[in-house]
Amino acid sequence: MSAPSGGNDPRLDRREAMRLLLADRGELLLVTGLGSTTWDAAASGDNARNFYLWGAMGAAAMIGLGLAIARPDRRVLVVTGDGEMLMGLGALATIGLQCPPNLAIAVFDNGHYGETGMQASHTEATTSLCGVARACGIGAVFDIADMAALGDFARHARTAERTLFARVAIVADEPPRVLPPRDGVFLKDRFRRATGAE
Amino acid sequence: MTEDASAAPEHTLPEDTTPDWRDEIFAVLKAANIRQIGYVPDAGHARLIELSRADPAIRAVPLTSEEEGIGLAAGAWLGGQRAALLMQSSGVGNCINMLGLSKSCRFPLVMLVTMRGEWGEFNPWQVPMGSKTQAALELMDVLVYRVERPGDAAETVAAALDISFNGGPAAAVLLSQRLIGAKRWVK
């Protein structure tokens with residue numbers, strides 16, 4: 001069972017966190033990483049403006065960068081997991097150099113590889129994702145462990161004129177899987193049509 | 001080095017006005033409306049990188065590793081822009097798993113690859129990946145075109161752009177080491 005959010009619990013429920021990030025999303029464009037964040041987004045309701053990764057581990061933040069550069073008129077939110085971010089850590093250096101003003105990255109950090117048997121990830125022991133993001137030149141970095149702070153981040157992600165990075169402490173649990181469509185061509189074409197790119 | 005004008009030969013050759021093949025490739029990228037160029041620096045791409053960075057209509061994005069470029073290009077396409085990637089043959093090896101993204105979603109993708117590990121290579125460590133670059137790309141169903149002569153460069157890149165951005169698979173243009181000129185290693 002997932003732990004309740006709020007109160008003194010230092011970690012958030014991932015599904016509640018995703019729902020809060022996507023509440024009243026408007027034109028917000030979402031990219032999710034391979035694994036649990038894709039299920040979390042689907043659990044919040046499938047949307048043509050979601051691009052879910054079912055593979056390409058490590059690519060979520062870079063897809064967000066290419067999209068943010070291409071669509072300066074829209075806000076882009078990447079939500080991925082600690083394992084997925086660790087696999088593409090170099091992307092933070094690349095993004096730190098570009099810093100598009102319409103990109104926000106939120107890493108749901110449970111310190112574990114949830115899809116493969118809950119093995120510990122580097123963030124559980126030694127790696128600070130916020131530290132990496134800061135060191136890569138991303139100026140607006142948030143270490144979030146309560147819903148109020150996450151709500152502030154969600155608001156910034158819709159208005160701030162700078163690249164944002166958040167590490168969101170979440171409970172290491174496995175809520176029931178909710179699977180979005182998995183046909184990549186369908187997801188890509190649907191996204192482009194819904195956003196006027198095609 | 002300065003040169004005494006009086007020492008110039010009596011009969012000078014007319015100035016060579018043949019456009020540089022690198023400049024011709026850039027003109028083809030511009031004509032195809034490429035708006036993002038992801039790259040990992042390579043000596044053979046130095047001119048294209050310089051031109052990309054100087055062009056206000058192009059966002060030149062230095063990458064820490066080549067596979068980042070596959071994600072960048074996918075994101076660009078989701079947003080309605082076209083991207084191209086510049087890398088060295090060794091970087092192709094870094095891209096293999098990510099090429100699954102292009103294939104699964106049928107994202108257009110054009111990679112311009114400067115070759116190492118072939119003609120005139122001085123560094124044996126470049127040979128293992130360089131000699132398998134084409135095979136590795138083809139294993140991932142990337143179309144591969146090779147350029148050996150300067151006059152073929154622009155039209156080959158144009159062909160790769162055409163096929164990939166018209167719904168085709170990912171395409172790579174291998175710019176051979178003979179074309180680029182073997183890297184000189186002065187010690």
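A crossing of two helices is right-handed if the near helix is turned clockwise from the far one by less than a right angle. In this predicted model, the crossing of helix 1 of chain B and helix 8 of chain B is right-handed.

**Helix 1 and helix 8 of chain B**

- Helix 1 of chain B covers residues 21–31 and helix 8 of chain B covers residues 153–165; their axes are 8 Å apart, at an angle of about 25°.
- Angles under 35 degrees count as roughly parallel, and helix 1 of chain B and helix 8 of chain B are therefore roughly parallel to each other.
- On the side of helix 1 of chain B, the residues that meet helix 8 of chain B are W21(B), E24(B), I25(B) and V28(B).
- Helix 8 of chain B answers with A153(B), A154(B), V157(B), A158(B) and L161(B).
- By class, this contact of helix 1 of chain B with helix 8 of chain B has 8 nonpolar residues, 1 charged residue and no polar ones.

**Helix 3 and helix 5 of chain A**

- The axes of helix 3 of chain A and helix 5 of chain A cross at roughly 20° and come within 9 Å.
- That angle makes helix 3 of chain A roughly parallel to helix 5 of chain A.
- The crossing of helix 3 of chain A and helix 5 of chain A is left-handed.
- Helix 3 of chain A brings A61(A), M62(A) and L65(A) to the contact, while helix 5 of chain A brings A91(A), L92(A), T94(A), I95(A) and Q98(A).
- Sorted by class, the residues of this contact of helix 3 with helix 5 of chain A are 6 nonpolar, 2 polar and no charged.

**Where chain A touches chain B**

- Chain A gives 26 residues to the contact and chain B gives 27 residues.
- Three helices of chain A each supply at least two residues of the side that touches chain B: helix 3 (60–70), helix 5 (90–98) and helix 9 (184–194).
- Helix 3 of chain A supplies the largest share of that side, 8 residues.
- The side of chain A that touches chain B is made up of 16 nonpolar, 7 polar and 3 charged residues.

**Burial and the nonpolar core**

- Helix 3 of chain A is largely enclosed by the rest of the structure, because 11 of its 11 residues are buried.
- Among the buried residues of helix 3 of chain A are A61(A), G64(A), G66(A) and I69(A).
- The largest nonpolar core has 111 residues, and those touching the most other members are A61(A), A106(A), V168(A), A73(B) and V113(B).
- Helix 3 of chain A gives the most to this core, 9 residues.
- Leaving aside neighbours within four places in sequence, A73(B) is in contact with G66(A) of the other chain, and with G38(B), A83(B), L85(B), F107(B) and L109(B).

- A154(A) lies in helix 8 of chain A, residues 147–159.
- A residue is buried if 20 or more other C-beta atoms lie within 10 Å of its own; A154(A) has 22 such neighbours, so A154(A) counts as buried.
- Not counting residues up to four places away in sequence, A154(A) touches L20(A) and L21(A).
- A60(B) sits in strand 2 of chain B, residues 59–62.
- A60(B) counts as partly exposed because it has 18 C-beta neighbours inside 10 Å.
- The C-alpha atoms of A60(B) and I37(B) are 4.8 Å apart, although the two residues are 23 residues apart along the chain.
- Beyond four places in sequence, A60(B) touches I37(B), Y39(B), I49(B), S52(B) and R53(B).

Definitions and conventions. Residues numbered from 1 in each chain as written. Chains lettered and ligands numbered in written order. Predicted model: local features only at pLDDT ≥ 70, side-chain atom pairs only at ≥ 80, totals over all residues. Contact = placed C-beta atoms within 7 Å. Helix = DSSP H or I, 4+ residues; strand = E, 2+ residues; numbered from the N terminus. Nonpolar A, V, L, I, M, F, W, Y, C, P; charged D, E, K, R; others polar. Buried ≥ 20, exposed ≤ 12 C-beta atoms within 10 Å, placed from the backbone. Axes fitted to C-alpha atoms, helices over the stretch in contact; angles between N-to-C directions. Parallel < 35°, antiparallel > 145°, perpendicular 65-115°, else oblique. Core = buried A, V, L, I, M, F, W, Y, C linked by C-beta atoms within 7 Å.
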